[in-house]
Amino acid sequence: MNIYLQTLMRDLNSAIRNLSSILNPLLFFIISISLFPLAISPEASTLSQIAAGIIWVASMLAVLLSLNSLFHHDFDNGILEQMLISHHSLPLLILSKIVAHWLLTGVPIILLSPLLGVFLFLDDESIKVLMLTLLLATPSLSLIGAIGASLIVSIKNSGMLLSLLILPLYIPILIFASSAVSQAQAGLEIDAQLYFLATILIVSLMLAPFISALSLKISLE
Amino acid sequence: MLKINNLSCQKGYNLLFSQLSFTVDLGGILRITGTNGCGKTSLLKIIAGLNIQEQGTIFLDNDAVKSEDYQRAIFYLGHLSALSAELTCLENLKFLTALNQSVAQPLLLDALKQVGLEGYENEYCAKLSAGQKRRVALASLIRSKSKVWLLDEPFTALDPQGVKMVEQHIEQHCKQGGMCLFTTHQDSTLKNQQVLAL
């Protein structure tokens with residue numbers, strides 16, 4: 001098994017053995033969404049209108065919650081140091097960690113979204129679009145988030161700073177993704193939004209591992 | 001030959017060392033000594049390619065620091081043992097060695113046996129004592145095929161037998177044409193060691 005696959009498996013393994021690290025953001029995701037019908041109105045027409053926005057905001061915040069631990073443990077126990085001095089490609093090692101992060105947070109969010117969509121009275125077609133936008137955009141959330149997480153890795157209690165750094169970069173994704181779902185609800189074309197989300201994914205896939213590697217090097221100085 | 005030329009290092013407003021030049025030949029053991037905060041760890045980190053040196057050059061034969069061949073030839077053991085608390089000794093050791101060069105499982109088990117951790121393969125690292133954690137990190141040192149060993153306080157938390165074992169491995173490694181740079185505040189009985197006082 002090559003080192004990049006081993007890094008991925010290692011992260012999955014440690015997360016599965018420390019279940020609360022995976023479950024915390026997911027529970028936050030479910031609980032925050034389930035409170036909206038109680039607070040606003042249980043009526044189908046009201047809820048279905050705001051459903052896409054609620055689910056997208058909640059998934060963004062859930063990803064943000066989980067980002068703090070992306071590099072912190074490895075920084076504290078010295079594994080990042082070893083990754084930095086190894087002769088393997090640091091951006092690829094980081095990409096493996098990002099993929100693990102997406103599998104542990106992005107994928108469960110995608111899988112839970114139809115259930116929460118039904119809960120908020122989204123129609124079948126809109127739920128499909130919601131899942132598609134999540135599939136296209138949650139990898140970008142992990143990739144862009146990794147840049148922020150690597151910048152603040154050496155700072156203790158840096159959750160607030162991470163939000164300030166990352167949320168502005170998440171805004172375009174939020175706008176395109178939620179507008180795709182509301183357009184689909186109105187029966188309009190959503191190609192443009194999906195293309196934008198795909199572009200953001202490709203650009204962040206190309207750049208984020210390199211920027212993240214660079215900022216980790218600076219943080220470990 | 002590891003050749004360090006004109007190295008300087010500054011941390012904040014403090015100049016830790018400047019114009020530092022030395023060479024370590026094949027088979028050489030260099031002990032770096034100095035008071036707390038004088039820059040021993042920073043020096044090892046710079047040689048490992050972790051920190052940016054303010055000035056100066058570092059070459060191993062013809063490879064400059066941070067080049068792929070240079071990094072392949074370096075093994076660095078820092079203050080932190082680089083172990084994940086949720087993984088077992090064997091899993092941690094497997095990953096640590098793979099970062100350098102993959103090693104077959106029987107050889108890893110043998111390394112754990114050599115450092116006195118036989119029977120601990122499937123024990124989670126969270127449950128180990130500080131000395132045992134250090135021993136897992138040292139098991140990866142034993143299996144490393146790197147030419148240059150950079151060991152920052154390798155004897156910390158080890159019992160006298162552990163210290164002796166590490167010294168034996170350092171001697172054996174250097175006899176086979178490797179080199180070792182280490183820092184320690186403890187007495188070391190290593191033969192033929194040169195001393196660099198910072």
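Which residue takes a positive phi in the hairpin of β1(B) and β2(B)? That one is picked up in point 2, after a word on confidence.

1. Keep in mind that this is a predicted model. The scores are ipTM 0.90 and pTM 0.92. For chain B, mean pLDDT comes out at 87, with 99% of the residues at 70 or more.

2. On to the hairpin. In chain B, β1 (residues 2-11) and β2 (residues 14-24) run antiparallel to each other, paired over seven bridges. Two residues sit between the strands, and B:Gly12 is the one with the positive phi, near 65 degrees. If you want a place to start looking, B:Gln10 is opposite B:Leu15 of β2(B).

3. Now the contact between the chains. On the chain B side there are 23 residues, and they touch 20 residues of chain A. Three elements of chain B supply two or more residues each to its side: α2 (68-72), β6 (74-77) and α3 (89-100). Of these, α3(B) has the largest share, with five residues. By type, chain B's side splits into 13 nonpolar residues, seven polar and three charged.

4. The largest nonpolar core is worth a look too, at 119 residues. The residues with the most contacts inside this core are B:Ile74, B:Leu93, B:Leu112, B:Ala139, B:Val148, B:Leu150 and B:Cys180. The element giving the most to the core, though, is α7(A), with 13 residues. As general background, nonpolar side chains in soluble globular proteins tend to be buried together.

5. Setting aside neighbours within four places in sequence, B:Leu93 is in contact with B:Leu108, B:Ala111, B:Leu112, B:Val136, B:Ala139 and B:Ser140.

6. Over in chain A, helix α4 (residues 69-77) has three buried residues to check: A:Leu70, A:Phe71 and A:Asp74. They lie on the same side of α4(A), because the arc they cover around the axis is only 70 degrees. The general rule behind this kind of pattern is that an α-helix has 3.6 residues a turn, so residues three or four places apart point the same way.

7. What do the buried residues of α4(A) pack against? Their partners are four other helices of chain A, namely α3 (44-67), α5 (79-85), α6 (90-119) and α7 (124-151). Just past the end of α4(A), A:Gly78 has a positive phi of about 95 degrees.

Conventions: Residues are numbered from 1 along each chain as its sequence is written. Chains are lettered from A and ligands numbered from 1 in the order in which they are written. This is a predicted model: local features need pLDDT of at least 70, side-chain atom pairs count only at pLDDT 80 or more; totals for chains, interfaces and linings use all residues. Two residues are in contact if their C-beta atoms, placed from the backbone, lie within 7 Å. Ala, Val, Leu, Ile, Met, Phe, Trp, Tyr, Cys and Pro count as nonpolar, Asp, Glu, Lys and Arg as charged, and the others, Gly among them, as polar. A residue is buried if 20 or more other C-beta atoms lie within 10 Å of its own, exposed if 12 or fewer, and partly exposed in between; C-beta atoms are placed from the backbone. The arc is that of the directions from the helix axis to the C-beta atoms. pLDDT is the predictor's confidence in each residue, from 0 to 100. A nonpolar core is a set of buried Ala, Val, Leu, Ile, Met, Phe, Trp, Tyr and Cys residues joined through C-beta atoms within 7 Å. Two strands pair if DSSP finds at least two bridges between them.
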